[in-house]
Structure formats: structure tokens, C-alpha cells
Amino acid sequence: MITDQNYISETLKTFLSLRTEAAITNARKAELQILVDYVSTTSKSKNPILLNFICTHNSRRSHLSQVWAQVMAFAFEIDHVTCYSGGTEMTAVFPMVIKTLEKCGLAISPLSAGDNSVYSIKYAANQHPIIGFSKRYDAPFNPQSQFAAIMTCGHADVNCPIVSGANKRIPITYQDPKAFDNLPIQSQKYMECSELIANEMYYIFKTVKQSL
């Protein structure tokens with residue numbers, strides 16, 4: 001991983017330096033390989049790499065996946081990657097997701113407040129921030145064609161069998177940290193989910209880099 005990238009904070013540099021693939025099983029690596037192959041093939045063809053991470057409410061897992069995929073693409077210098085997220089319905093980014101990403105060292109600023117707040121999520125000083133807010137996967141903000149739809153929750157994977165405009169549909173599902181809301185271990189479990197997703201995105205983009 002490239003570490004001297006003018007990241008927004010030392011906390012984020014440390015978080016990234018601790019990423020590892022050690023706990024990823026061979027069976028899970030086989031699941032992740034589909035996304036590795038898609039990114040690698042698209043990169044070699046010199047086409048834009050558009051990744052839309054989708055879960056039911058676009059409130060937790062899809063945002064964490066979008067953020068860490070974008071950060072890891074930058075860290076491994078995989079060009080022309082733009083990451084998005086969406087849901088089968090629109091809700092709001094859950095506040096604990098924002099708090100968790102801030103603890104990881106990302107600089108987050110509200111752009112608008114309301115029932116569906118919009119956030120600037122900054123990871124490097126000279127890179128455009130990720131714009132985080134809840135939306136349907138097919139919202140105008142998201143790509144309309146030639147993108148990979150990465151299904152991050154089992155419910156969306158089952159209930160959204162066709163994603164219009166996608167040229168690849170890839171199930172990479174995670175357990176919902178919502179199960180721990182309002183419990184004393186909520187913060188810990190959201191961080192564990194964030195670290196798990198970050199580790200897998202680290203593995204994906206590291207493997208892509210090695211293939212180019």
C-alpha cells in the first residue's frame with residue numbers, strides 16, 4: 001500500500017497501516033475475486049471503473065463499503081475508480097456510521113442537515129471528498145450504466161435480482177451492525193464492521209494492483 005499520499009490525518013494513516021488480509025478465508029477470497037477480476041479487467045481496458053455498493057436502506061454497510069473502496073483505490077493508485085452507494089429505498093446515513101469513520105481518521109463535514117443529511121467525507125487533502133447521503137441505487141447522483149452493482153446485504157441481494165444499467169452484479173454481503181443499536185457494545189460492533197470491510201477492500205485493491 002502507498003502510505004505517503006497526503007492523507008487527511010495521522011489517525012487515518014495508522015488505520016490504513018493496520019489493514020491485513022490474514023483473517024480472510026480462502027472461501028471468502030473466492031467471493032471477493034469476482035470484484036477483483038471486474039476492477040482489473042475494466043482497468044486494463046482503460047474504461048472508468050464505477051462501483052455502486054447497494055444495500056436495502058443505504059444507511060450503514062453500503063456507505064462503509066463505498067468509503068473504504070474509494071480510499072483503497074487511492075491507496076493502491078488504481079486510477080479512474082469512482083465509488084457510489086445506494087439502496088432499494090432511501091433513508092439516511094446512520095449517525096454511528098459517521099462517528100465510526102471519524103474515529104478511523106476521516107474528516108467529515110455536514111453539507112446539509114435534515115432527515116437525510118449530506119456529508120463531505122475527506123480522506124486526502126488534494127482529493128475530491130466522497131459525498132455521503134442516502135439515495136436509491138438508481139438515483140440520478142449514481143451511474144446509470146456500465147457499472148458494477150455490489151450487493152452488500154442479503155436482503156437487497158435477494159429482493160433486487162436485476163439492477164438496471166449494471167454490467168456486473170456481485171454479491172459481497174456483510175452482517176448488519178444495526179443488530180447492536182442501543183446496546184453498550186454498539187460502538188465496538190460498528191468499528192468491527194468498518195475494519196472488516198476495510199480489510200476486504202484492502203485485499204481487493206492490493207490484488208488488483210498485483211494483477212496490473
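Helices (H or I, at least four residues) and strands (E, at least two) are DSSP runs, numbered from the N terminus. Contact means heavy atoms within 4.5 Å. Axes are lines fitted to C-alpha atoms, for helices over the stretch in contact, and angles run from 0 to 180 degrees between N-to-C directions.

The model is predicted: local features need pLDDT of at least 70, side-chain atom pairs count only at pLDDT 80 or more, and totals for chains, interfaces and linings use all residues. Residues are numbered from 1 along each chain as its sequence is written, and side-chain values use heavy atoms, with hydrogens and water left out.

Four strands make up an open sheet, ordered β2-β1-β6-β7, with parallel pairing; two strands pair if DSSP finds at least two bridges between them. At the edges are β2 and β7, each of which pairs on one side only. From one strand to the next, the twist averages 25°. Strand β6 is joined to β7 by five bridges, and I150 has I170 in β7 as its bridge partner.

Helix α3 lies across β1 and β2, and runs at about 180° to β2. The expected span of a helix is 1.5 Å times one less than its number of residues. For the 15 residues of α3 this gives 21 Å, which agrees with the 21 Å between its end C-alpha atoms. Buried means under 20% relative accessible area, exposed over 50%, and partly exposed in between (1.4 Å probe, protein chains only). Because 15 of the 15 residues of α3 are buried, the helix is largely enclosed by the rest of the structure. Just after α3, E77 has a positive phi of about 55°.

| Element | Residues |
|---|---|
| β1 | 49–55 |
| β2 | 81–87 |
| β6 | 147–151 |
| β7 | 166–171 |
| α3 | 61–75 |

**Nonpolar cores**

A nonpolar core is a set of buried Ala, Val, Leu, Ile, Met, Phe, Trp, Tyr and Cys residues joined through side-chain atoms within 4.5 Å. The largest has 55 residues, of which V39, L51, W68, L106, M201 and F205 touch the most other members. Helix α6 (residues 186–211) gives the most to this core, eleven residues. Leaving out residues up to four places away in sequence, M201 touches F53, S65, W68, A69, M72 and Y174. A second, separate core has eight residues, including Y84, F147, A149 and V163.

**S120**

S120 is in strand β4 (residues 118–122). With 12% relative accessibility, S120 counts as buried. Beyond its neighbours within four places in sequence, its contacts are A107, I108, S109, L111, P129 and I130.
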